[in-house]
There are 2 protein chains.
Amino acid sequence: MNPRLASIEPSQIRALAAKKRPTSIDLGLGEPTLLPQQRFIDAAARQTSELGMKYTLNPGDLELRTLIAQHYAYPGMAEGRNVCITGGSQEAMYVAIKTLLDPARDEVLIVEPAYPAYAKIAQLEGIEVRSVGMPAGSGFRYDPDAIVAALTPATRLVIIGSPSNPTGRVISRAAVKSLAAALLARGGEPVWVLDDELYRELTYVDDAGSMAEVYPYTIAINGLSKSNALTGLRIGWTIAPAPLCDELNKVHAWVVTAANTFGQRVARSIFTEPGALSEQAAWYRTQRAAVLEALRDSGLTYVEPDGAFYVCVKLPPGTDSIAFAYRLIEERDVVTNPGRIFGESLEGWLRLSWVAPIEAFREGLTRIAAAALV
Amino acid sequence: MNPRLASIEPSQIRALAAKKRPTSIDLGLGEPTLLPQQRFIDAAARQTSELGMKYTLNPGDLELRTLIAQHYAYPGMAEGRNVCITGGSQEAMYVAIKTLLDPARDEVLIVEPAYPAYAKIAQLEGIEVRSVGMPAGSGFRYDPDAIVAALTPATRLVIIGSPSNPTGRVISRAAVKSLAAALLARGGEPVWVLDDELYRELTYVDDAGSMAEVYPYTIAINGLSKSNALTGLRIGWTIAPAPLCDELNKVHAWVVTAANTFGQRVARSIFTEPGALSEQAAWYRTQRAAVLEALRDSGLTYVEPDGAFYVCVKLPPGTDSIAFAYRLIEERDVVTNPGRIFGESLEGWLRLSWVAPIEAFREGLTRIAAAALV
């Protein structure tokens, strides 16, 4: 057996979700509660009756890749050959980490609080993981200086997520410029940045930076899961400079051959219809306003989300967030996620998702506040 | 960059396919030319309008996994917890090889001629690959004694494919029993067998063995790509003893999260409707009869396929199969695959797929025979 498996725990998020009862208020959920746009599903089903369900090219349908590249139009990455369509953004991360790093000598630096999968994938590949926590004092705002200070000579990849799961933080335009300048100034072998933009369509602030816009050694990752309520479609992608993209394609082909053709057809319809990618964002904007009102009423300390559909709330000083989250399910029937699973910097906090009906969210907050005050 | 990538070439099958012209006779194709059963696609699209497109559990929808486990009913592997639904059988292979082997000490033994991906995946994972060729003299029949003789103390996994891509050979009931007995008699750490059964529904002989029926250390791999003309759906699976399945699930979850929900719905309909899995096999049986007639007429030496939709034809002694296949495209406009890419034991042969219209297949054979006689 592969000895690396023994040290990797299964997902804590899924373990907590498994404790959910039929009566539970679920603020743990990492997927939209909206239904997807059925017209795109129906169109893809109709196409199948004529075209069947054959493989696409390994990196995906070239027209879809071109549509995606042109939509984001990142400098030097705006052609179909810059895009690889993956089995969701999870496979995109997996392939990117596996391709870019040499386990024998390279390190990855994860900017935390962060989605736990980055570190787990690196562990699975035998890659040394370092992390740097963004400070709670500034509401976990991205701090380029802190990131650069945490680099070592072995760091070959920095992973950031913006909007962030779990904090909802968005990296600013000034911050991406400052980070890019500092990384370019280092000289020597480039440090790559993996910018996980899976929640990009759900951004509620104007000042949103994107590493791929300012830094040539960027892999941007995205997908349809969150923007279009299509978590189960498993369509994600990487956008990267062409020489790297060729290497990503190679690994991707041996891992899964290609992403599913049905999902690629759905994606092509979405990228062909103007506004379809951001159609559901309006619902999130309305929901967020109601969520912020409920948070203000709760008396809890929280980080106002710039994007995504999570909010982090603070527990009393010294609270073990994992124990608290388990107790919250047992005693108050509310599912949440403990901050510590997103990195030490989020210990003492809970991550709440706010895609549940607003009354349920409000009731959940009330119960959390009551438990926190015990 | 991961240094292992440099040594891994992209797929030769895909490189040859890229040479195809609009006029070409395509006998290279590894996917069905039939259309899939549209009723299952439409049913899955309808379900989406009610249920959305959420994630399933990481290892897949439990009802689907139960249906699959019960359909094959392998001893000790007949429950849902024995099945992991993967992004096609390619991911099933990838996860199985990655999970089962320790790159630091274990070897994999590939029974050739074989699908090239097994060796490529092992290389990508840094695992030592050995191979054992089945003898051309017997038409590449599976020979348990030759397989057992090729084991070393470091062999922890043997990979066989039955029906075989490329030879169409099926392992017999006697051969699986004999192989199982020899492996069990070795004692010590078990040697696992990965039995790639992707073409199982397309079997034309009665005496077809299955390792999972007789050997407890088996991972059976399968999927809907070939049986139901659904290559682009990317639905495959592993069937394995529960403790191993738990480990496979773990790796699978970090690589891709879960297989796509749409495809799992299609699969559930197929496994629910009696006969739907083998409905298209009738077309292949008819086609095979016509293919065998064309082969007899061609004067070429060939291996009569027990299963799958390939046939191997012999080239004149001393022929370089790769050079021949490229010349065949250039000069005669016929796409085929050279034997050598499936292992040294198939050098001097060509693999032809026979899913093209029978007249095209017949014309292709005529051109191959003419080229071989030059």
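Trainee: What rotation superposes chain B on chain A?
Mentor: This is a predicted model, in which local features need pLDDT of at least 70, side-chain atom pairs count only at pLDDT 80 or more, and totals for chains, interfaces and linings use all residues. Residues are numbered from 1 along each chain as its sequence is written, and chains are lettered from A and ligands numbered from 1 in the order in which they are written. Copies are superposed by least squares on the C-alpha atoms of residues with pLDDT of at least 70 in both. With an RMSD of 0.0 Å and 0.0 Å of shift along the axis, the rotation that brings chain B onto chain A is 180 degrees.

Trainee: Which C-alpha of chain B is nearest the axis?
Mentor: The two copies are thus related as by a two-fold rotation axis. At 3.3 Å from this axis, the nearest C-alpha in chain B belongs to B:Ala45.

Trainee: How many residues does the contact take from chain B?
Mentor: Two residues are in contact if their C-beta atoms, placed from the backbone, lie within 7 Å. The copies meet through the same surface, because 100% of the interface residues of chain B are also interface residues in chain A. Chain A gives 55 residues to the contact, and the number from chain B is 55.

Trainee: Which domains does the assignment give for chain A, and how far apart do their C-alpha centres lie?
Mentor: The bounds come from an automatic or database domain assignment. In chain A they give domain 1 (3–30 + 280–373) and domain 2 (38–272). The C-alpha centres of these two domains of chain A are separated by 25 Å.

Trainee: Which element gives the most to the side of domain 1 of chain A that touches domain 2 of chain A?
Mentor: Helices (H or I, at least four residues) and strands (E, at least two) are DSSP runs, numbered from the N terminus. The contact takes 25 residues from domain 1 of chain A and 31 residues from domain 2 of chain A. On the domain 1 side, α11 (281–298) and β9 (310–314) of chain A are the elements that give two or more residues. The most, four residues, comes from α11(A).

Trainee: At roughly what angle do the axes of α11(A) and α13 (residues 358–373) of chain A cross?
Mentor: Axes are lines fitted to C-alpha atoms, for helices over the stretch in contact, and angles run from 0 to 180 degrees between N-to-C directions. The axes of α11(A) and α13(A) come within 10 Å, and they cross at roughly 25 degrees.
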